[in-house]
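Here is a short tour for anyone opening this structure for the first time. Have a look at it below, and then we'll walk through it piece by piece.

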Amino acid sequence: MTLHLLGASPSDRATFESCRSTLTEQDTLLLLEEGCYWALPHHRQELSRIPARVVALGPDCLARGIATEGLKTVDDAEFVVLATEHARTVSWY
Amino acid sequence: MSKSVLVICRSAPYRSSAARDALDMALSCAVFELPVSLLLLDDAVLQLLPGQQSGAIGEKSVNAMLGALPMYDIDRIYTSLASLAAHGLEAESLDPSPEVLDADELKQLIDGHEVVLTL
Amino acid sequence: MIVNVEGHDVALDEEGYLYDLEQWSPAVATTLAREDGLELTDEHWEVIEVLRRFYQQYQLSPAMRPLVKAVAAELGPEKGRSIHLMKLFPGSPAKVAARLAGLPKPENCL
């Protein structure tokens with residue numbers, strides 16, 4: 001039960017691959033900062049193939065003009081709750 | 001019962017201070033007697049290349065410092081099969097030689113630690 | 001901070017550690033030790049030598065535990081004990097001995 005924070009953009013392939021290789025079905029992947037660009041339509045299909053539940057940080061998507069239809073978003077308070085619900089947090093930048 | 005700490009580093013040795021910071025963090029945890037492991041992923045596996053003469057660029061050798069980990073009772077350095085493959089490296093040719101994990105073992109490693117710090 | 005050792009100026013940082021590790025010599029160690037109220041004996045010197053080799057190999061100033069390990073490995077288990085090092089370098093042996101050996105202050109030290 002791990003919360004993974006993906007903050008690297010899709011152009012950073014190695015970060016995504018390393019992150020993906022550690023995801024389990026019990027985990028949650030939270031997109032934030034440049035990681036939000038994974039929510040762009042072009043990248044959605046790849047995102048849909050990962051085993052973990054995927055959510056995005058709403059304000060970070062909003063700031064970058066990224067539409068989040070079809071993707072669950074969380075605000076800062078919900079981010080904190082997510083962190084407390086998981087046993088540990090791992091950052092991927 | 002002290003918390004087990006996994007320090008993950010993903011940076012090549014002299015790219016930024018990340019490699020040194022990860023090492024410092026691991027050493028500090030060890031001094032406070034926390035059980036600590038170090039996971040070198042992606043470019044961080046390049047920290048293990050032997051023969052680093054970092055004096056040539058006026059830096060201390062990250063590789064030499066990694067050699068001190070056993071003196072701090074940090075006996076576990078891990079990397080992944082994928083990280084080795086990405087650079088065409090084999091564990092036996094690296095120093096210190098890491099324990100190599102496949103994808104499942106990587107998940108188990110993370111799952112087995114209470115705190116994960118990434119640099 | 002500057003100390004003069006045998007006619008040479010040696011620069012020390014605020015905490016009394018050498019700025020330039022190349023400036024170290026046994027005479028520097030003796031001078032710094034006197035500031036600490038220590039007369040260096042053979043037992044001090046052998047620990048100083050262990051520290052200098054540790055730094056050469058690992059490029060790190062050891063904290064207490066690795067220092068004890070290194071001394072035990074090189075000088076035997078009798079000497080590789082905190083109590084022995086405490087007697088030689090009272091206070092915080094890892095810090096005091098690193099200073100005398102011309103090493104930087106140990107960073108990961110309690």
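## The sheet in chain B

Let's start with a pair of strands: β1 (residues 5–9) and β2 (residues 36–40) of chain B run parallel, and five bridges join them. To find the pairing by eye, look for Val5(B), which stands opposite Val36(B) in β2(B). Keep in mind that this is a predicted model.

Those two strands belong to an open sheet of five, ordered β4-β3-β2-β1-β5 in chain B, with parallel pairing. At the edges sit β4 (99–101) and β5 of chain B, each pairing on one side only. From one strand to the next, the twist averages 25°.

## Helices on that sheet

Helix α1 (residues 18–31) of chain B packs on the sheet, where it touches β1, β2 and β5 of chain B. The direction of α1(B) makes about 170° with that of β1(B).

Then there's α4(B), which lies across β1, β2, β3 (77–80), β4 and β5 of chain B. Its run is at about 105° to β4(B).

## The sheet in chain A

Over in chain A there is an open sheet of five strands too, in the order β4-β3-β2-β1-β5 and with parallel pairing. Here β4 (72–74) and β5 (88–92) of chain A stand at the edges with a single partner strand each, so one side of each has no neighbour in the sheet. The twist in this sheet averages 30° from one strand to the next.

For a closer look, follow strand β1 (residues 2–6) of chain A alongside β5(A): the two pair in the parallel sense over five bridges. Thr2(A) stands opposite Arg88(A) in β5(A).

## Helices in chain C

Now for chain C, and a pair of helices. How do α2 (residues 42–58) and α5 (residues 93–100) of chain C cross? Their axes come within 9 Å and cross at roughly 85°, which makes α2(C) roughly perpendicular to α5(C). On the α2(C) side, Val47(C), Ile48(C) and Leu51(C) meet Ala97(C), Ala98(C) and Leu100(C) of α5(C). The residues of this contact are six nonpolar, no polar and no charged.

Helix α3 (residues 64–75) of chain C has 12 residues, which at 1.5 Å a residue should span 16 Å; the end C-alpha atoms are 16 Å apart, so the two agree. Its buried residues are Pro66(C), Leu67(C), Val68(C), Ala70(C) and Val71(C), and they pack against α2, α4 (82–88) and α5 of chain C. Just past the end of α3(C), Gly76(C) takes a positive phi of about 95°.

## Where the chains meet

Which parts of chain B touch chain A? In this contact, 13 residues of chain B are in contact with 11 residues of chain A. On the chain B side, α4 (103–111) and β5 (115–118) each supply at least two residues, and α4(B) gives the largest share, four residues. That side of chain B divides into seven nonpolar, two polar and four charged residues.

How values were computed:
Residues are numbered from 1 along each chain as its sequence is written. Chains are lettered from A and ligands numbered from 1 in the order in which they are written. This is a predicted model: local features need pLDDT of at least 70, side-chain atom pairs count only at pLDDT 80 or more; totals for chains, interfaces and linings use all residues. Axes are lines fitted to C-alpha atoms, for helices over the stretch in contact, and angles run from 0 to 180 degrees between N-to-C directions. Angles under 35 degrees count as roughly parallel, over 145 as roughly antiparallel, 65 to 115 as roughly perpendicular and the rest as oblique. Two residues are in contact if their C-beta atoms, placed from the backbone, lie within 7 Å. Ala, Val, Leu, Ile, Met, Phe, Trp, Tyr, Cys and Pro count as nonpolar, Asp, Glu, Lys and Arg as charged, and the others, Gly among them, as polar. The expected span of a helix is 1.5 Å times one less than its number of residues. A residue is buried if 20 or more other C-beta atoms lie within 10 Å of its own, exposed if 12 or fewer, and partly exposed in between; C-beta atoms are placed from the backbone. Two strands pair if DSSP finds at least two bridges between them.
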